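Have the sequence and the 3D view open, try each task, then compare with the worked solution.

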Amino acid sequence: MRRLWTAGLLAGLCAATACSSSPAPPHEAGSPVPSARGTAASGSVPEASRTARAVPVPPPPAPKVTVTRTRTADGSLVTLATFSGPVRYVLHNGSEDPGAAAGHVRAGPAITGGDRRHLLAAFNGGFKLSAGAGGYEQERHVISPLLRGLASLVIDRSGRATIGVWGHGVPAPGEAVYSVRQNLTPLVLHGKPTAAAADWGLWGATLGGGEYVARSALGQDARGDLIYAASMSATPADLAVALARHGARIAMELDINPEWVQLDVARRPGGSLRAAVPGQDRPAGQYLAGWARDFIAVEAAAAAARA
């Protein structure tokens with residue numbers, strides 16, 4: 001009798017609960033899980049998808065110049081300027097050198113117009129062409145023949161710059177060379193100062209015949225960024241060591257002696273320029289007013305300038 005009563009009670013419970021509704025189907029792996037506001041079929045977006053869409057896209061890198069200074073073992077103060085982000089380089093003709101020999105070129109002795117609005121920095125070029133320290137090509141006009149084995153700043157049509165040894169890696173096969181500035185042999189090669197860097201007599205006639213004079217150089221690191229180095233009193237080895245320690249894989253000497261060494265920089269493209277090498281002779285606006293010697297302008301690339 002007790003068994004019959006228990007069976008009847010269980011049957012009644014079944015009728016009042018489980019037997020009154022169908023069981024929920026099992027959740028399949030990979031299928032959307034219904035949220036409190038609805039199911040996938042009703043148009044709701046899974047929480048993970050909403051979170052992924054909310055992740056902000058990082059802004060593109062900004063063109064900039066980073067200036068630092070270092071003391072060498074002999075006490076020389078060397079200024080280093082690294083140009084990074086989307087920048088382009090423009091070789092400018094000096095009013096006297098190369099002067100009229102350059103023919104009709106767009107980038108003349110002064111930075112004006114749109115170039116001024118995009119300008120981030122400007123620095124001196126190499127020796128006078130009469131010194132025979134290397135060739136010169138600007139905007140596909142060859143003013144002085146380019147020589148194999150010499151350190152060369154090579155700029156393509158887009159403004160991208162590479163430093164290399166002419167005929168040994170530069171120009172790259174098929175490269176659309178636009179401008180080239182050569183000046184002596186490399187000062188740094190494969191990340192180390194060259195043996196020649198230790199012999200200051202190989203690096204141009206100095207004012208008064210002294211070893212410690214104003215000097216400048218240009219290197220390139222593994223990322224492809226150019227690094228300008230200068231001092232108003234240094235040896236070639238000072239610049240080579242400073243550039244190598246700063247990451248330059250290759251470097252070339254630029255002009256020397258106090259009248260010619262000059263670096264002007266702005267905090268933002270088109271901003272006010274300031275003289276960046278302590279003790280440099282020329283004012284920060286010299287390249288805007290016009291200059292007698294060739295020089296290189298660093299500009300924000302077109303896309304970055306519009307941002």
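The exercises below go from the whole protein to single residues.

A word on the ground rules: this is a predicted model, in which local features need pLDDT of at least 70 and side-chain atom pairs count only at pLDDT 80 or more, while totals for chains, interfaces and linings use all residues. Residues are numbered from 1 along each chain as its sequence is written, and side-chain values use heavy atoms, with hydrogens and water left out.

**Exercise 1. The overview**

Task: Find how many helices and strands the protein has, and what percentage of its residues count as buried.

Solution: 
- Step 1. Start with the secondary structure: the protein has six helices and 18 strands. Here helices (H or I, at least four residues) and strands (E, at least two) are DSSP runs, numbered from the N terminus.
- Step 2. Turn to burial: 45% of the 307 residues count as buried. Buried means under 20% relative accessible area, exposed over 50%, and partly exposed in between, with a 1.4 Å probe and protein chains only.
- Step 3. Look at the contacts (heavy atoms within 4.5 Å). Among those with a separation of 6 or more, 66% are between residues 24 or more positions apart.

**Exercise 2. The open sheet**

Task: Work out the order of the strands in the seven-strand open sheet, and which strands are at its edges.

Solution: 
- Step 1. Follow the pairing, which needs at least two DSSP bridges between two strands. The order is S1-S2-S14-S13-S15-S11-S12, with antiparallel pairing.
- Step 2. Strand S1 (64-71) and strand S12 (192-193) are the edges, each pairing on one side only.
- Step 3. Find what packs on the sheet: helix H4 (residues 236-245) does, touching strands that include S1, S13 and S14. The direction of H4 makes about 145° with that of S14; axes are lines fitted to C-alpha atoms, for helices over the stretch in contact, and angles run from 0 to 180 degrees between N-to-C directions.
- Step 4. Zoom in on one pairing: three bridges join S11 (residues 186-189) and S15 in the antiparallel sense, and proline 186 has methionine 252 in S15 as its bridge partner.

**Exercise 3. Strand S10 and its partners**

Task: Explain why strand S10 is largely enclosed, and find the bridge partner of valine 154 in S10.

Solution: 
- Step 1. Six of the six residues of S10 (residues 177-182) are buried, so the rest of the structure largely encloses this strand.
- Step 2. S7 (residues 151-156) runs antiparallel to S10, with five bridges between them; valine 154 has valine 180 as its partner.
- Step 3. S5 (residues 136-138) also pairs antiparallel with S10, over two bridges, and here glutamate 137 partners valine 180.

**Exercise 4. Salt bridges**

Task: Find how many salt bridges the whole structure holds, then compare the burial of the partners in two of them.

Solution: 
- Step 1. The search gives 10 salt bridges, each a side-chain nitrogen of Lys or Arg within 4 Å of a carboxyl oxygen of Asp or Glu.
- Step 2. Arginine 181 and aspartate 294 form one, with their closest N and O atoms 2.9 Å apart. The two are 113 residues apart, with arginine 181 in S10.
- Step 3. Arginine 181 counts as buried because its relative accessibility is 2%, and aspartate 294 is buried with a relative accessible area of 2%.
- Step 4. Arginine 160 and glutamate 175 form another, at 3.9 Å from N to O. Arginine 160 is partly exposed at 46%, whereas glutamate 175 is buried at 18%.
- Step 5. Asp156 joins Arg160 and Glu175 in a network of salt bridges.
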